[in-house]
Amino acid sequence: MFDFSGWCLGPSSSRRVRYKTRSIGQFPVTARPTRTMRELHFKDNFWNSDITSTGGYDSIVQHLNDGKRTCKEVEDFIKARAAIEERYAKDLLGLSKKVCGHNEMNTLKRSLDVFKLQTENVSLSHFQLAQTMREEAKKMEEFREKQKDARKKVEQQMDALHKHKSTQYKKSMESKRTYEQKCREKEDAEQNVNRNATTNNAKQQEKLHMKALQAKQSAEEADRLYSNNVSILGKIRDDWQKEHVKACELFEKLDIERINTLRNIVWTHLNHLSQQCVTSDELYEEVRKSLEQCNIQEDIEHFINLRRTGDKPPAPIPYENFYSNQRAPPPRQPPQLARRGPLPVPDNNAEDVVYSTIQTPGYSVIQY
């Protein structure tokens, strides 16, 4: 397994992340039990009892076709990942060109400049990763074509042998049926001769003897033809059997190469991704180092020294009388007024006019 380890430190320290990649040959080794039986191979396990059947061979070819599709799927997967990396790289490159800290100054500005620069470098590394992935996918494509060419010749030869074997088998079976038919006709003719042996008709006996003789000759000819066809079928079967063994050995070798190649290319693909993490972290580390050099107090003092306008506050503004050229002291603050108490309660005596109880209609205090 890959060893991804890292730790995060405080804001004033840098963050370190470590990644590991391994070479293709460094696959994890697992203990295997000791084999007490011999290893299994294609050539020992894909036969059929029927001489015309190609089921075992077809099963191997189907397996190889499935493997070819797997290679194509892995190839397409890596191509798609390369396209994603390229789009990401383009977006990241565009982002690195955006304004970021244009109005900043001194150490923080330098850190932000490094931040943008390393973002651009990360995008370039992803462009390189995308190109590397396309090259790996190209290797996968070339491997598929190589295996296709290696299989094509053998499959064509085996197909021809299967067709020849099937044709000869049918021919042999037809000659067998003919042979058996001729043998039955011969026996019938001989029986007819025997049944008519006591007849006095010489002409009839001669005719039966001729017919029996012809049947015997036909049976013997059919026997030779049938025997010859079976002999030819035997040779074809031997040739086919040898070629079947060779085809199985080649197909097993191709399958071993396919599995090994797929395993290696996926392993390499993961190593490329891990290496990209290492590269990105190294570039980001440059930003962290720059941020470590970013001094807050130095930036504050830099701004003060660059933009300072004075070190004394403004003097108080005096009051100046318009009619006098002399400066008068600032006006004194008016004394605070005492808070007024509650209003007195009116004494409603008989001699007093109670305005709040006047009931005269049309009354008004306004005199006309």
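The following legends describe several close-up views of a predicted model.

Residues are numbered from 1 along each chain as its sequence is written. Because the model is predicted, local features need a pLDDT of at least 70 and side-chain atom pairs count only at pLDDT 80 or more, whereas totals for chains, interfaces and linings use all residues, and side-chain values use heavy atoms, with hydrogens and water left out.

**View 1. Overall chain and confidence.** The protein chain holds four helices and four strands, where helices (H or I, at least four residues) and strands (E, at least two) are DSSP runs numbered from the N terminus. Read from the N terminus, the elements follow the order β-β-α-α-α-α-β-β. Of the 368 residues, 25% count as buried, a class defined by under 20% relative accessible area, with exposed meaning over 50% and partly exposed in between (1.4 Å probe, protein chains only). The accessible surface comes to about 27900 Å², and carbon and sulfur atoms account for 53% of that surface; accessible areas come from the Shrake-Rupley method with a 1.4 Å probe, and for residues only the protein chains shown count as cover. The mean pLDDT of the chain is 81, with 76% of the residues scoring at least 70, pLDDT being the predictor's confidence in each residue, from 0 to 100. Confidence is highest in helix α1 (residues 55-96), at a mean of 94, and lowest in strand β1 (residues 5-7), at 38. The pLDDT is below 50 over residues 1-17, a stretch that has 33 contacts in the model beyond near neighbours in sequence, and also over residues 350-361, where four such contacts are found; a contact means heavy atoms within 4.5 Å.

**View 2. Ser96 in helix α1.** Ser96 is found in helix α1 and is buried, with a relative accessible area of 6%. A polar atom of the Ser96 side chain lies 2.6 Å from the backbone oxygen of Leu93. When residues up to four places away in sequence are not counted, Ser96 touches Lys116, Thr119 and Glu120.

View 3. Asn106 lies in helix α2 (residues 106-195) and has a phi near 60°, a positive value in a residue other than glycine. At 16% relative accessibility, Asn106 counts as buried. Arg151 also has its place in helix α2, and with a relative accessible area of 8% this arginine is buried. Leaving aside residues up to four places away in sequence, Arg151 touches Val61, Leu64, Asn65, Phe251 and Leu254.

View 4. Glu221 pairs with Arg224, the closest N and O atoms being 2.4 Å apart; the two residues are separated by about one helical turn because they are three residues apart in helix α3. Glu221 is partly exposed at 43% relative accessibility, while Arg224 is exposed, with a relative accessible area of 52%. Glu243 and Lys246 meet in a salt bridge at 3.7 Å, N to O, and Glu243 is buried at 19%. In the salt bridge of Arg288 and Glu285 the N to O distance is 2.8 Å, and both partners lie in helix α3, three residues apart, about one turn of the helix. Arg288 is buried, with a relative accessible area of 16%, as is Glu285, at 9%.

View 5. Leu213, in helix α3 (residues 202-292), is partly exposed at 41% relative accessibility.

View 6. Ile296, Ile300, Phe303 and Ile304 make a nonpolar surface patch of about 400 Å². Patches are made of residues with over 30% relative accessible area and no salt bridge, like charges being joined within 9 Å and nonpolar side chains (Val, Leu, Ile, Met, Phe, Trp, Tyr) within 5 Å. Ile296 has its place in helix α4 (residues 296-307) and, at 67% relative accessibility, counts as exposed.

Methods: A salt bridge is a side-chain nitrogen of Lys or Arg within 4 Å of a carboxyl oxygen of Asp or Glu. A polar contact is a pair of N or O atoms within 3.5 Å; within protein, one must be able to donate a hydrogen and the other to accept it, and residues adjacent in sequence count only if both atoms are side-chain atoms.
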